[in-house]
Amino acid sequence: MVRVKAIEKGGIAEELGIVPGTELLSVNGRELVDFLDWEFLTADDELVIDARHPDGEQVVYEIERPEGEAMGLELEPPTIRRCANRCEFCFIEGLPKGLRKPLYVRDDDYRLSFAYGNFATLSNLKDRDVARILEYRLSPLYISVHATPWEARKVLLNNPRVPNIVEQLTRLAEGGIQFHGQMVIVPGLNDGDVLEQSLADLWAFGENVLSVAVVPVGLTQFSHLYTGKSMDRTAAESLLCAVDRWAERARAERGESWVYGSDELYLLAGRPLPDADYYGEFPQVENGVGAVAALRQRVHDGLDTLPDLTGRRIGVVTGVSMTPLMPELLGQLTVATGARFELISVENSLFGPTTTTAGLLVGADIRRALVDRGDLDLALIPAECINDSGVFLDDEPFVAVREQLPMPVYPSYDFIDALVPEGTPRIAGAAA
Ligand code: SF4
């Protein structure tokens, strides 16, 4: 059963008399277990939907839907499948106490992997789940592989009952499913031979493995399970050497790099980040792989669209890891607009100084950085640190933080978006 959360005005569902709270029980005789069933079983145009209204009345709707027209309803969010692992490096173990409850949920859900690109380990996958993945062709999936050698993976996921990932991937690949994989590397556990074996195993899946990201383990000052070695410059460099070797082979044989080091890995190794060309279609940009190259590209492409902002002072807030990369970008923005951009590098007060990502800055950090900066005409902050509900990780609403600051503040992904939204400069009086 799935429950209706909201109804679109003028849509099919409203016309039928479906209301929020209605339970949708089956479609064309197939029981509905979750949103996936609803999405796939309502793909037909002739539908028999068995439903129960909030007052208990059971109704059968027989519908001939005009081709392609949406049903016009939103379902309540699914119950998240919980993770069965206890990874030493789990970010959730590194969260401070007292944050809002959903942040502590360890999801490991193949459905969200398909629907939203969340990474899943497949540790909790049952035979019936595999059958659904194959039937609905849930492809591509985003899979946290970490290591293909079974014993190494058991240690990494801290779960002696974890299934053999090579067998799982083989079954899915034989059914035509493709994957993006990630390897979070803990020095001493899955680098060296384990990484080499894992990349060889993934390579053997051919076109089924679309890309692989190699990501250094990230720890906060609250991480308390970690027992391995730290990810230092030498460890990062040796991971990039393995990535380079495999990427070179992939470019020669597949025409694309296939395996990518995350941006953080390059920064840790002190190596320049590759150009946008290296990342092709940016298959794992959401995973921090090529995000800097993509940003550089967007800034480069948007410079011509910027207004004249001569004389303005614009503060740009970022995290410590992005700080060394910003002067080059801000220099280009200065030339293009005439404004004076000031870089404001902020340490993370919630997770501690080892957490340097701009996207994890919290409301208190933004306030601290800007509250005394009445000299700025405008401030840009990383849009990634605010969620879809407009709230920072420390539960501070963006609008509340903004009200306490002496200048207009805009969340921005790439500067261009904030300086010229839909062709209009954000600063009143600026020439277009
Ligand atoms: S798979 Fe590991 S890292 Fe991911 S949520 Fe579970 S314990 Fe945490």
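This dialogue explains the terms used for several features of a predicted model.

Student: Which residues are around the ligand?
Tutor: They are Cys 83, Asn 85, Cys 87, Cys 90, Arg 106 and Thr 121. A residue is near a molecule or strand if one of its heavy atoms lies within 4 Å of it.

Student: How do you know the classes of the residues in the shell around the ligand?
Tutor: Ala, Val, Leu, Ile, Met, Phe, Trp, Tyr, Cys and Pro count as nonpolar, Asp, Glu, Lys and Arg as charged, and the others, Gly among them, as polar. The shell accordingly divides into three nonpolar, two polar and one charged.

Student: Why is Leu 122 called buried?
Tutor: Buried means under 20% relative accessible area, exposed over 50%, and partly exposed in between (1.4 Å probe, protein chains only). Leu 122 has 2% relative accessibility, so Leu 122 counts as buried.

Student: Why is Ser 349 called partly exposed?
Tutor: The relative accessible area of Ser 349 is 42%, and therefore Ser 349 is partly exposed. Ser 349 lies in the loop between β12 (340-346) and α12 (363-370); helices (H or I, at least four residues) and strands (E, at least two) are DSSP runs, numbered from the N terminus.

Student: What does Ser 349 touch?
Tutor: Not counting residues up to four places away in sequence, Ser 349 touches Val 362, Ala 364, Asp 365 and Arg 368. Contact means heavy atoms within 4.5 Å.

Student: Why are α7 and α8 called roughly parallel?
Tutor: Angles under 35 degrees count as roughly parallel, over 145 as roughly antiparallel, 65 to 115 as roughly perpendicular and the rest as oblique. Axes are lines fitted to C-alpha atoms, for helices over the stretch in contact, and angles run from 0 to 180 degrees between N-to-C directions. The axes of α7 and helix α8 (residues 233-254) come within 11 Å and cross at roughly 20°. That makes α7 roughly parallel to α8. By class, their contact has eight nonpolar, no polar and five charged residues.

Student: What makes α10 and α11 roughly parallel?
Tutor: Helix α10 (residues 291-302) packs against helix α11 (residues 326-337) at an angle of about 10°, with the axes 10 Å apart. The two helices are therefore roughly parallel to each other. In the contact, Leu 295, Arg 296 and Val 299 of α10 meet Glu 328, Leu 329, Gln 332 and Leu 333 of α11. This contact has four nonpolar, one polar and two charged residues.

Student: How do you know which peptide bond is cis?
Tutor: The bond from Ser 139 to Pro 140 has omega near 0° and is cis. Pro 140 is in the loop between α4 (127-136) and β7.

Key: Residues are numbered from 1 along each chain as its sequence is written. This is a predicted model: local features need pLDDT of at least 70, side-chain atom pairs count only at pLDDT 80 or more; totals for chains, interfaces and linings use all residues. Side-chain values use heavy atoms; hydrogens and water are left out.
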